[in-house]
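Student: I have this model open and would like to walk through it with you. Could we start with one of the sheets and then move on to how the chains meet?

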There are 6 protein chains.
Amino acid sequence: MRLLVINSNTSVSVTERVAEAARRFAASDTELVFATGSFGASVIATRAEDAIGAHSTLDLVARHAGDCDGVMIAVSYDSGLRAARELIGKPTLALTEASLLAALTLGSRTGLVIWGHGVTSLYLEVIDSYGLGSRICGARRVDLPIPDGPLAERRLNEATLAAARDLIEKEEAEVIVLVGAVLSGRSIDLEPHLTVPVLDGLRCGMPMLEAMVRIAPRTATSGSYAFPGGRESSGLSVELSERLARVR
Amino acid sequence: MRLLVINSNTSVSVTERVAEAARRFAASDTELVFATGSFGASVIATRAEDAIGAHSTLDLVARHAGDCDGVMIAVSYDSGLRAARELIGKPTLALTEASLLAALTLGSRTGLVIWGHGVTSLYLEVIDSYGLGSRICGARRVDLPIPDGPLAERRLNEATLAAARDLIEKEEAEVIVLVGAVLSGRSIDLEPHLTVPVLDGLRCGMPMLEAMVRIAPRTATSGSYAFPGGRESSGLSVELSERLARVR
Amino acid sequence: MRLLVINSNTSVSVTERVAEAARRFAASDTELVFATGSFGASVIATRAEDAIGAHSTLDLVARHAGDCDGVMIAVSYDSGLRAARELIGKPTLALTEASLLAALTLGSRTGLVIWGHGVTSLYLEVIDSYGLGSRICGARRVDLPIPDGPLAERRLNEATLAAARDLIEKEEAEVIVLVGAVLSGRSIDLEPHLTVPVLDGLRCGMPMLEAMVRIAPRTATSGSYAFPGGRESSGLSVELSERLARVR
Amino acid sequence: MRLLVINSNTSVSVTERVAEAARRFAASDTELVFATGSFGASVIATRAEDAIGAHSTLDLVARHAGDCDGVMIAVSYDSGLRAARELIGKPTLALTEASLLAALTLGSRTGLVIWGHGVTSLYLEVIDSYGLGSRICGARRVDLPIPDGPLAERRLNEATLAAARDLIEKEEAEVIVLVGAVLSGRSIDLEPHLTVPVLDGLRCGMPMLEAMVRIAPRTATSGSYAFPGGRESSGLSVELSERLARVR
Amino acid sequence: MRLLVINSNTSVSVTERVAEAARRFAASDTELVFATGSFGASVIATRAEDAIGAHSTLDLVARHAGDCDGVMIAVSYDSGLRAARELIGKPTLALTEASLLAALTLGSRTGLVIWGHGVTSLYLEVIDSYGLGSRICGARRVDLPIPDGPLAERRLNEATLAAARDLIEKEEAEVIVLVGAVLSGRSIDLEPHLTVPVLDGLRCGMPMLEAMVRIAPRTATSGSYAFPGGRESSGLSVELSERLARVR
Amino acid sequence: MRLLVINSNTSVSVTERVAEAARRFAASDTELVFATGSFGASVIATRAEDAIGAHSTLDLVARHAGDCDGVMIAVSYDSGLRAARELIGKPTLALTEASLLAALTLGSRTGLVIWGHGVTSLYLEVIDSYGLGSRICGARRVDLPIPDGPLAERRLNEATLAAARDLIEKEEAEVIVLVGAVLSGRSIDLEPHLTVPVLDGLRCGMPMLEAMVRIAPRTATSGSYAFPGGRESSGLSVELSERLARVR
């Protein structure tokens, strides 16, 4: 199985971190292909950057997904997820959706620990758009900068644990989902220090994407996920433009 | 008052039709500026094109909104609406949201007549994302091609009326919203042939945008609509890149 | 354009305050007609008074709306709003609905600062009845008396700001709506002291009602907003009784 | 136990029909007091009449509920229900709420057979305002006139049965609620001809009101159902005005 | 009228306490039959014990409900409620549902005081499964052990009052429901110390079950509550197996 | 990896069919253990049988799950799913939940084709209890008997296809989930005859369970899924009783 893992922003260093985590959680015989956005935000953090990132996701899918069996959008806003499903017609997951689906099977009340400032509302909208809002019992922000050394790492982990404990104690959270690229990959290390399962995007997403590839659902030819093909466009990358134009 | 009216796809002919309708519904002393997308779909119809269109919306806002008091996104998927609000911090509306807000004040049950094939699901997602789904009593598709003459025009109008009547009779619709660029502007002409108010995007959107400009809410400096500024990006238009980089 | 502005309680002093604010927010060429309830509560504060106020709203509409183009119910419980729409068949708005509709276009999470004691539940019911409850992120009460001097004014403003800040900080509110007659008109003055847009009923309602009058939707002749006419009644004011009896 | 049964419209003949049914369903040792509205619609059918009827309900409660243990509002729109609860502070039920509560205990999916034209939307709003909308699987209208003889009676019963069968077959209704004064009292006779329980307002409401009186909950002195007392009003009946003014 | 009151766990002492309370709240001429589970948990507290308790409920219904007019499941998780309704086809209530139905008629916002540790999530699921979740404004846990003397009793009562006051003050609860066997029966004594109605399961359930028996709805022969009969089983009690096998 | 696959009813022939499908969809190096209920319904079809089946699920988990890494409850009502999660604290899935989770990633609107009579309501309750009801666009019943030969097989497949086509055409379903043991395993064969993905329980459940085992979430020690241990019981199988009694 060959999977495309997309970083929709333009930071190669982010792609490298994603690649390390993705390899850790993918099956040993899964081949992984990584791609970094060629335009857009250095780091996706705002609504505008998320919207540009969705375009970047599509661009990367058009360039690289052709000989892959599935696509992982390694962005915590899940930028362009549904559009990518329509465009490529192969199993496609993204970080936040994947961790929420896994969480559904582990507890009735999911608490979110969100990295970042002023983005809770945006994440909750993403989750509501999946119809999963009723399973969220609360959210807590962790507002620290990206850690630049062991001390900062420890402070971030401690703030994350404190937020999770608050959700468990006050909101009766039965499973914790870590949201945001900076928290991704930390769930395994933090889990022993809490009393409920803790999840993050790549840890859940890689095995679940492999599962979806094995389930091998057919591509839709009706409905809003059926890409009609034969679409005219201009000003896009050659690959995306050709993909849009391709006869279904 | 000076308003920017955006067509996020690349068809100048669509912009011209939009301009005609926008001028009809705007106040006589409102100055209108029109802008057409410089990249993306010729006509936005699919999820992928909508995602690219959101980027185009932001690009147009960055290029043209600087000296305007408000922005109308004249796309029926409301492509990039919330991201544009964040980016520009001025009153910004879009077609489907505007007609739904007006509909809320006219009946308890809104019926949708949607032009296009396979897009009902996408429109309902847009509406649910506004938290307005509970007011929708049903949707009907009108699947005819863009009319190319008086006969086709008549057939389209008749199909639209039939769909609306079905919603009124079977779903107890108390107000009808016409959704989709091709139906936009038809509500005034069709209304006398039905028994409930009929609305479309520009007819509702232009007066409501003018109202929002007069209400003159402040720009947010906290929350997910507060654009932080100082953002790094690459591969975007100069204007959009500079807008993202500007210090707030 | 000629608009009827209704005060459904019997306090002429309240009507005078409403008139001052309404004139401030209406367009300069809009003619305003004001009417005060002829029966019912001196000030509407309880469920029973709201119910009586709804009757008063209808009575005032029957007496005064005949030669008006639209109606503003200047009561924060929106007393009798839907019944008035049915009775008169012209654009009709009310304070809380109008400010909520404007808020929908400014942030994803609306926080309510409510003036009064024990009425949160009643306001939330009104908002839920509009299908807009999912957009409310929280409510805070301001329980101070009607201010009787500059000091009390200042205390009220400070309490309102504190409540709004709490909603912004703890509930991630992205727009604040001031609810209750005493807070109405304060949003413009308080807005600069907060980080998100702040709205109130007349500031939003007057421009939006003017927009609805310009949209000029037809009167329904089917559904629950189509007044059948020819209704028998007794014990009501002559005007209301005649209005109910009028052949459609 | 002494119960007040209110007819909020002004038709004594309606009160007589209500009285007959209420006596049939009340316990033999329950004393019933009946009251007819002194103002408002001859028959409540529209939104405006419902709003006036709510005032009438309060007026009747103020006049007659003083020495009663509970109140039944025998109007299918439940006009003034919550306001009456606040005003009187004693167990108070109304027709549609009572039959829905009983239905909740008999099936997962409640189907509504509604008598009347153009009122489905209004009834669904009432039910949604109780938070019970998710249990409704569908509604069917019966649009026949009030029957004036055995033949018309039979036609009405047959139309009701047909509507109920349609709900059972197509919407998987597991319990049927008959809504509207004309259908009230028919559920017992129609039930044997269907395959699921059939309910109506007085049949459910009288025993449930007696149950609530026996449960004997305390009167609230906080929250939106705690009547503050000491309220100023004018232009109301002496009894209602005094009730509002009474010190709690 | 003859009612079966079921204790689905195996503790005879619990049945005795239930019996005492049930007799207090039932009508004087109602005959009560009590039954204790013959297998399962000594005290039902966990999800697994609740699932086993549902089987026990059915077993007890099969053994004892034959000559009864209605069934009260005196377990606060309402274990097996819907399955029992299907099996027996007679009015059947359970503690938490009954107290919630009564609460619906007394306030708009219901606060829950829940006895036990880690079970809030389970109770909220039960309540959501009834479609009543939107009426709950908050929940508070009381985590004390089963009281073993007057001092412990007092501490439990005080903790319950404190939790209720917190719900009234912070969540604007307008009615309090005590949830959990240990709190059952305390509502009458605690009510005078609070400002809103306080309810518990047997106090509400006994009169409401009597009301449902008097309403006398027919047994369903279609839908998911129509027991088909003629079912094959093995390894169950003779009575339950015969009940499942009985021709409808 | 070693997985327990549970058939909670007592038909060994059903277990054999389940085993065949489970082996087909599990990874080649996954070891599967199968277990059949030792008491309860021959075939689970009714609410009562589902409740007894939940007990049977727990009994089988207690007997066989000790040395397994995860549990698949191969019952379409997902009988006892949450209780089993609490009892065993290892990844546990069931048929309907698993196929719905996969469906969430393939289309916005899921249509259900349900095998069986009168059980739609029960399945919708199960799905609502997962918080996933908003993603369901409609359900269709297939009421044919269990096929007993090639002709009956063909008729069943054709009825299933017809139901799916109706959901796609009329309800705009974008993914179809086959619900009920008899339809399980058919999705792969039927998919090519439709225009959207078609899923069933074991096809989705086996790979997803393997994914969850690889994600390896910790066992909860707080919340409603943390089994407290040390529980007293009687009348249960030795294994279940010991499992309940085991110190955590």
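Student: How many bridges join strand S1 of chain C to S2(C)?

Tutor: Bearing in mind that this is a predicted model, strand S1 (residues 2-7) of chain C is joined to S2(C) by 6 bridges, and the two run parallel. Within that pairing, Leu3(C) stands opposite Leu32(C) in S2(C).

Student: And what is the strand order of the sheet in chain C?

Tutor: The order is S2-S1-S4-S5 in an open sheet of 4 strands, with parallel pairing. Because strand S2 (31-36) and strand S5 (92-94) of chain C stand at the edges with a single partner strand each, one side of each has no neighbour in the sheet. On average, neighbouring strands of this sheet are turned by 20 degrees against each other, direction ignored.

Student: Which strands does helix H2 of chain C lie across?

Tutor: Helix H2 (residues 47-64) of chain C lies across S1, S2 and strand S4 (70-73) of chain C, and runs at about 135 degrees to S2(C).

Student: Switching to the contact between chains D and C, how many residues does each supply?

Tutor: Chain D gives 40 residues and chain C gives 40 residues. On the side of chain D that touches chain C, H2(D) provides the largest share, 9 residues, and the residues of that side divide into 16 nonpolar, 16 polar and 8 charged.

Student: Which strand of chain C pairs with S10(D)?

Tutor: That is strand S3 (residues 40-41) of chain C, which pairs with S10(D) in the antiparallel sense over 2 bridges, and here Ala41(C) stands opposite Ser233(D).

Notes:
Residues are numbered from 1 along each chain as its sequence is written. Chains are lettered from A and ligands numbered from 1 in the order in which they are written. This is a predicted model: local features need pLDDT of at least 70, side-chain atom pairs count only at pLDDT 80 or more; totals for chains, interfaces and linings use all residues. Two residues are in contact if their C-beta atoms, placed from the backbone, lie within 7 Å. Ala, Val, Leu, Ile, Met, Phe, Trp, Tyr, Cys and Pro count as nonpolar, Asp, Glu, Lys and Arg as charged, and the others, Gly among them, as polar. Two strands pair if DSSP finds at least two bridges between them. Axes are lines fitted to C-alpha atoms, for helices over the stretch in contact, and angles run from 0 to 180 degrees between N-to-C directions.
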